[in-house]
Amino acid sequence: RRHVWPPLRRRPVVAGRAHVDQRRLDTGVGDAVAQVAQLGALGVERADDVAAHGEPSAPERLPADALDRDALRSEHLVLQRERFVVALPVGHSLAQGRGALAIGQLASEPFVQVPRERSPGLYDKISRLTAAAGFAPRVAQEAIQMQTVVSLVSSGLGVALVPSSVANLGRHGVVYKPLADTHDPLEIWLVWRRGHLGLAASSFI
């Protein structure tokens, strides 16, 4: 039976009227999130779901009609685009040498990843990549935060596909290798309610 590690309990950071979840700051995308904080100081009414896993997660859990209504009421800006990298324990044979890894080289490896109910977009991207290579990942462990995923990799529990910015966490015992396979970029979005952006924030964006 797989154990799902609980989230860390942290207080949110509030910058102006923009809400930024502190846990997002721990994912290595601090520069992008810092922009959100600046926007809050400039009067952004709402900054929704700057997601550690590369794309907005909350709208993906809404029904289709709610998505349509929300799309009419909001606008967004792509703050960052990035690719997957392979996180490996330092002593792993695939961590040796230089060069990118093909996803097929991970077919026999145990995976550590975020569960689908936590991040359906990220989970489905990984599933499509592995399916294209002819296998389904054998998930040995799940964790709902990226820093926990990387910690479990460093402990030798498996390998993981993570956004490249996660390498900025600086976790010891982990090697990050580029992924040779092509895939759609992972995106971090800033979303605000249409018509609720002040002049200063509009100029900043």
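Author: Rings of Phe, Tyr and Trp (its six-membered ring) form a pair if their centres lie within 6.5 Å; planes under 30 degrees apart count as stacked, over 60 as edge-to-face and the rest as tilted. The model is a predicted one, in which local features need pLDDT of at least 70 and side-chain atom pairs count only at pLDDT 80 or more, whereas totals for chains, interfaces and linings use all residues. Residues are numbered from 1 along each chain as its sequence is written, and side-chain values use heavy atoms, with hydrogens and water left out.

Reader: How many aromatic pairs does the rule give?

Author: A pair of aromatic rings is described by the distance of the centres and the angle of the planes. Under the rule, the count comes to 1 aromatic pair.

Reader: Which residues form this aromatic pair, and is the pair stacked or tilted?

Author: The ring centres are 6.4 Å apart and the planes stand at 45° to each other. The partners are Phe111 and Phe135, and their arrangement is tilted.

Reader: Where in the chain do Phe111 and Phe135 lie?

Author: Helices (H or I, at least four residues) and strands (E, at least two) are DSSP runs, numbered from the N terminus. The pair links distant parts of the chain, its members being 24 residues apart. Phe111 belongs to strand β6 (residues 110–113), and Phe135 to the loop between α4 (120–132) and β7 (138–143).

Reader: Are Phe111 and Phe135 buried or exposed?

Author: Buried means under 20% relative accessible area, exposed over 50%, and partly exposed in between (1.4 Å probe, protein chains only). By this scale, both Phe111 and Phe135 are buried.

Reader: Why does Ala140 count as partly exposed?

Author: Ala140 is placed in strand β7. Ala140 counts as partly exposed because its relative accessibility is 34%.

Reader: How many residues of strand β5 are buried?

Author: In a regular strand the side chains alternate between the two faces of the sheet. On one side of β5, Phe84, Val86 and Leu88 are buried, and on the other Val85, Ala87 and Pro89 are buried too. Strand β5 (residues 84–89) is thus mostly covered, the number of buried residues being 6 of 6.

Reader: Which residue of β9 is the bridge partner of Val86?

Author: Two strands pair if DSSP finds at least two bridges between them. β5 runs antiparallel to β8 (residues 160–163), with 4 bridges, and there Val86 stands opposite Leu161. β5 is also antiparallel to β9 (residues 174–178), with 5 bridges. In β9, the partner of Val86 is Lys177.

Reader: Which residues does Glu75 contact beyond its neighbours within four places in sequence?

Author: Glu75 sits in strand β4 (residues 74–82) and is partly exposed, with a relative accessible area of 31%. Contact means heavy atoms within 4.5 Å. Beyond those neighbours, the contacts of Glu75 are Leu190, Val191, Trp192, Arg194 and Gly195.

Reader: Why is helix α5 described as largely enclosed by the rest of the structure?

Author: Among the buried residues of α5 are Met146, Val149 and Leu152. The helix is followed by Gly156, whose phi is positive, near 90°. Helix α5 (residues 146–154) is largely enclosed because the buried share is 8 of its 9 residues.

Reader: What percentage of the residues of the protein count as buried?

Author: The protein has 6 helices and 10 strands. Of its 205 residues, the share that counts as buried is 45%.
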